[in-house]
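Please open the model in your viewer and keep the selection panel at hand. The tour begins with a cavity and then moves on to a pair of helices.

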Amino acid sequence: MSEGAGVQQGSPAIGAAGSAPAAPGAGGTEGSGATVGSARIAAKKAQLRSSPRPKKLEKLGVYSSCKAEGACKCNGWKSQNPPPTPPRTDQQPNTVNLLEPCRSCSHTLGDHVTHLENVSEEEMNRLLGIVLDVEYLYTCVHKEEDADTKQVYFSLFKLLRKCILQMGKPVVEAQESPPFEKPSIEQGVNNFVQYKFSHLPSKERQTIVELAKMFLNQINYWQLETPSQRRQRAPADDAAGYKVNYTRWLCYCNVPQFCDSLPRYEMTQIFGRTLLGSVFTVMRKQLLEQARQEKDTLPPEKRTLILTHFPKFLSMLEEEVYSHSSPIWSEDFLVGSTGEQIPIHTGGPYATKGGQKRKPSDPIHHDETKKLRIVGDIPMELINEVMATITDPTSMLGPETSLLSAHSARDEAARLEERRGVIEFHVIGNSLNQKPNKRILMWLVGLQNVFSHQLPRMPKEYITRLVFDPKHKTLSLIKDGRVIGGICFRMFPSQGFTEIVFCAVTSNEQVKGYGTHLMNHLKEYHIKHDILNFLTYADEYAIGYFKKQGFSKDIKVPKAKYLGYIKDYEGATLMGCELNPSIPYTEFSVIIKKQKEIIKKLIERKQAQIRKVYPGLSCFKEGVRQIPIESIPGIRETGWKPVGKGKELKDPDQLYSTLKTILQHVKSHQNAWPFMEPVKKTEAPGYYQVIRFPMDLKTMSERLKSRYYTTRKLFMADMQRIFTNCREYNPPESQYYKCANLLEKVFYTKIKEAGLIEK
């Protein structure tokens with residue numbers, strides 16, 4: 001049975017960019033009925049707002065309590081002659097008589113609407129909009145069969161009814177207000193695009209951005225299944241948590257699309273990973289099934305995008321949604337210098353400025369689109385401009401270093417082969433609990449042959465035993481349906497490491513970058529499984545390979561963790577590798593290459609600026625013996641500044657002593673208190689998204705103690721960064737901003753007194 005069987009969930013057409021949502025009470029259905037329902041409500045509101053004022057008063061009187069003297073308890077005027085149901089189309093509208101008595105309390109219509117006599121036309125139209133929303137919700141309450149949904153509709157009905165009586169603005173009462181989780185779904189998908197695809201050329205990256213837009217649009221118009229439906233489909237899931245999110249979705253996203261008197265939010269901007277994880281599996285399956293059904297009706301330009309690229313995009317995103325170690329859901333995730341935000345919704349309902357959260361009155365029509373600037377030595381605008389000029393994706397620019405020359409060019413060929421489908425990577429293993437899979441068994445035999453042939457000093461029986469051992473797994477490299485290499489390993493999750501047992505590529509397929517690409521895939525596999533350390537015993541022929549893959553003899557895993565767990569080999573060297581979960585290892589060399597290209601372009605730009613030829617100095621022919629350096633034409637354009645002059649202390653001990661004295665003076669100043677320690681995330685939300693290179697006096701003290709500051713310029717640069725970061729993050733009127741300015745003056749006074757710069 002399919003995963004979504006029996007679930008009344010719907011989505012807009014797969015290729016649509018702005019499909020209408022299903023109406024509340026529609027049971028999750030989709031299509032033209034929802035569009036017609038939404039348009040009908042809007043048409044009714046427009047017609048009612050264009051009515052004469054007496055007609056508006058009559059409509060509002062039905063929902064207004066009686067104001068006659070004598071404490072009348074009537075909560076709404078009722079006509080003596082109610083209109084026929086349904087009303088005749090040829091019937092002329094009756095003239096409104098404010099003296100007509102109420103069928104309930106006998107007081108006139110005028111007694112019910114005295115509070116509206118001086119109300120502006122705009123306010124009256126707002127109240128009329130709420131009236132029609134109340135009537136629509138009343139219908140939904142009576143038609144809805146699901147108890148949880150009916151309860152939400154009724155709560156919103158009472159809220160809007162109360163707003164009419166009190167002439168107030170509707171505010172949904174809840175323990176929490178949007179957003180309910182950070183980062184949002186939209187931000188998480190943005191981070192996913194940057195994390196996985198920022199290395200791609202501009203055209204390919206734009207395709208990924210289009211897929212991301214399409215996916216976010218699908219979520220915004222997705223109809224969630226009711227809690228009772230979800231309990232039947234997935235009884236083991238967190239029912240209480242889903243019900244809370246379902247209620248929030250109804251109140252803030254679904255109902256307000258029809259009842260526009262309620263504040264409306266996009267689902268992707270106020271919900272995060274939790275809700276996405278609860279709907280992703282079913283949503284992915286239904287979207288792909290729908291795409292297959294509609295493939296013949298899709299326009300040609302959409303067909304390839306949806307049928308070829310969209311399934312792979314969803315598969316990669318699914319891994320990040322359910323991976324506990326995925327960095328895209330971290331609030332500290334930084335957009336790379338080559339990245340761009342997906343402009344599906346410019347700006348969000350929430351923005352930060354000066355460290356303070358701010359919520360606009362209309363979340364959907366928020367027009368503050370300015371992106372937070374990341375502080376760095378090079379402006380982001382310049383980086384983006386340079387990125388647009390990089391046109392040769394095959395050139396490796398700049399001098400090679402020992403860090404990159406070993407593998408940066410070689411694994412490019414393997415990466416391209418994988419992208420074209422020439423090679424595949426599969427983690428396989430033997431199992432004693434499941435029925436043997438013929439293809440996997442053939443691959444295991446192939447791996448046993450590769451390891452035996454490439455590792456002749458290793459007993460063949462030993463290799464066979466480990467390859468087929470259910471506790472061991474092997475990352476296999478498949479080309480043209482046959483095994484050409486692999487890495488056999490055993491995971492020890494409780495100890496926090498994995499032992500690499502065998503690693504080999506068949507001899508006629510070597511020197512093609514397969515070994516590096518194999519190891520990078522293995523690293524990403526372990527990051528997804530929360531294991532961040534490798535251990536292996538390498539013989540004299542393998543040490544060089546493992547060094548190139550980031551292994552060293554400096555073992556980070558405590559000996560007590562691995563002693564007695566891993567196999568010991570005579571004459572081999574124990575090596576270890578610590579993984580960084582923020583690095584996309586399979587794309588690492590591409591990212592480094594792109595960074596080198598950026599640096600070269602920046603250097604070229606700077607050289608072009610200072611390459612101007614100035615006329616020679618003629619003053620010396622006229623008898624002038626010397627001139628100030630700053631008067632030489634073009635000298636300032638090179639970046640030379642006279643204020644930077646000063647004596648550089650050659651004696652390390654004298655430099656240390658001088659800098660220590662200056663730092664103590666700065667730390668003891670009354671305005672130094674905001675900068676004594678690193679900024680805490682809890683005290684300044686979003687600080688590390690804005691400030692890319694944080695610095696504080698405590699860190700400077702530690703650096704000074706470790707003799708990091710070998711020149712005065714390093715010391716001055718760190719101190720200046722403290723002041724620059726503060727002014728970047730905080731508004732000018734803040735106390736922190738003022739402290740930075742005052743302390744900066746003190747610092748430069750002390751620097752001048754020490755003779756490190758000219759006075």
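**First stop: the largest cavity**

The lining of the largest cavity divides into five nonpolar, three polar and four charged residues (Ala, Val, Leu, Ile, Met, Phe, Trp, Tyr, Cys and Pro count as nonpolar, Asp, Glu, Lys and Arg as charged, and the others, Gly among them, as polar). This is a predicted model, in which local features need pLDDT of at least 70 and side-chain atom pairs count only at pLDDT 80 or more, while totals for chains, interfaces and linings use all residues. Residues are numbered from 1 along each chain as its sequence is written, and side-chain values use heavy atoms, with hydrogens and water left out.

To display the lining, select Tyr 195, Lys 196, Glu 320, Ser 323, Ser 325, Ser 326, Pro 327, Glu 524, Ile 527, Lys 528, Pro 581 and Ile 583. The elements that give two or more residues to this lining are α6 (185-197) and α17 (514-528), and α17 supplies the largest share, three residues.

**Second stop: α2 and α4**

Next select helix α2 (residues 53-61) and helix α4 (residues 121-143), whose axes come within 10 Å and cross at roughly 45 degrees (axes are lines fitted to C-alpha atoms, for helices over the stretch in contact, and angles run from 0 to 180 degrees between N-to-C directions; helices are DSSP runs of H or I with at least four residues, numbered from the N terminus).

Note on methods: On a 1 Å grid over the protein atoms alone, a cavity is a set of points where a 1.4 Å probe fits but cannot get out, and a pocket is an open set with protein on both sides within 12 Å along at least five of seven lines; lining residues have an atom within 4 Å of a point.
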